[in-house]
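I'm opening my notebook on a new structure today. I'll jot down what I look up as I go.

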Amino acid sequence: MTSRGVGDPSLLGELDDLEPSAQDVFGPYEKLLVDGRRLTSVSAVLRDPQDRPSAVLCINLDRTPLEQAAAVLSAFGAPTVQRPEPLFEQDWSERIQHIIGSYVRETGRPVERMTRQDRLAVLGRLEEGRVFAVRRAAPVVAGALRVSRSTVYGLLAELRSPNAKDRP
């Protein structure tokens, strides 16, 4: 990868001025090749039987494949277009996941740590999304929120009560 070869001067004298990361090991550190590729390099001092530095073993890793893989994963992990809503309009279980997931992301509070008020807010959003118009949606919501069905039904009754709009 580099222009240096076996038998080239090791520059051992310059190592005295450096702080090793471990005994007789320098790096990992970054190197740049003339073609623009980045390398991660580690240099290790090899000693003779009298414990004197006699050579330096340099190991270079071309980071190009790793950087390409990271770019692919980054592009896949960061969608660039809007979600195609027609694919999900009729999928009420997807709507449940989307509404609850959005709330979790907005508040930074996972479902396991939701308060009663959080659950009421989520159920309100699910109600607005007409999730409960679907038969047997409550057990699915209960599972997603990790509460019992009776908790969901109790909170829904509270949410739908006439004085629910008076609450902050």
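This is a predicted model: local features need pLDDT of at least 70, side-chain atom pairs count only at pLDDT 80 or more; totals for chains, interfaces and linings use all residues.

**Entry 1: the hairpin and its sheet**

I started at the hairpin of strand 1 and strand 2, where 5 residues sit between the strands and glycine 36 takes a positive phi near 95 degrees.

Next I checked how the two strands pair. Strand 1 and strand 2 (residues 38-47) run in the antiparallel sense, joined over 6 bridges. I looked up who faces whom: glutamate 30 stands opposite threonine 40 in strand 2, and valine 25 stands opposite alanine 44 in strand 2. My reminder from class is that strands of a sheet pair through backbone hydrogen bonds, either parallel or antiparallel.

**Entry 2: helix 4**

I moved on to helix 4 (residues 116-128). Its 13 residues reach 18 Å from the first C-alpha to the last, close to the 18 Å expected at 1.5 Å a residue.

Which residues of helix 4 are buried? I wrote down Asp118, Arg119, Leu120, Val122, Leu123, Gly124 and Leu126. The buried residues pack against helix 3 (92-107), helix 5 (137-145) and helix 6. After helix 4 comes arginine 130, and its phi is positive, near 60 degrees.

**Entry 3: threonine 151**

I picked threonine 151, which has its place in helix 6 (residues 149-160). Threonine 151 has 31% relative accessibility, so it counts as partly exposed; the cut-offs are under 20% for buried and over 50% for exposed. I also looked up its distance to arginine 119: the two C-alpha atoms are separated by 9.8 Å, though the residues are 32 apart along the chain.

**Entry 4: helix 5 meets helix 6**

Last stop for today. The axes of helix 5 and helix 6 come within 8 Å and cross at roughly 105 degrees. That makes helix 5 roughly perpendicular to helix 6. From helix 5, the contact is made by Ala138, Pro139, Val141 and Ala142, and from helix 6 by Arg149, Val152 and Tyr153. I sorted the contact residues by class and got 6 nonpolar, no polar and 1 charged.

Terms used
Residues are numbered from 1 along each chain as its sequence is written. Side-chain values use heavy atoms; hydrogens and water are left out. Two strands pair if DSSP finds at least two bridges between them. Helices (H or I, at least four residues) and strands (E, at least two) are DSSP runs, numbered from the N terminus. Buried means under 20% relative accessible area, exposed over 50%, partly exposed in between (1.4 Å probe, protein chains only). The expected span of a helix is 1.5 Å times one less than its number of residues. Contact means heavy atoms within 4.5 Å. Axes are lines fitted to C-alpha atoms, for helices over the stretch in contact, and angles run from 0 to 180 degrees between N-to-C directions. Angles under 35 degrees count as roughly parallel, over 145 as roughly antiparallel, 65 to 115 as roughly perpendicular and the rest as oblique. Ala, Val, Leu, Ile, Met, Phe, Trp, Tyr, Cys and Pro count as nonpolar, Asp, Glu, Lys and Arg as charged, and the others, Gly among them, as polar.
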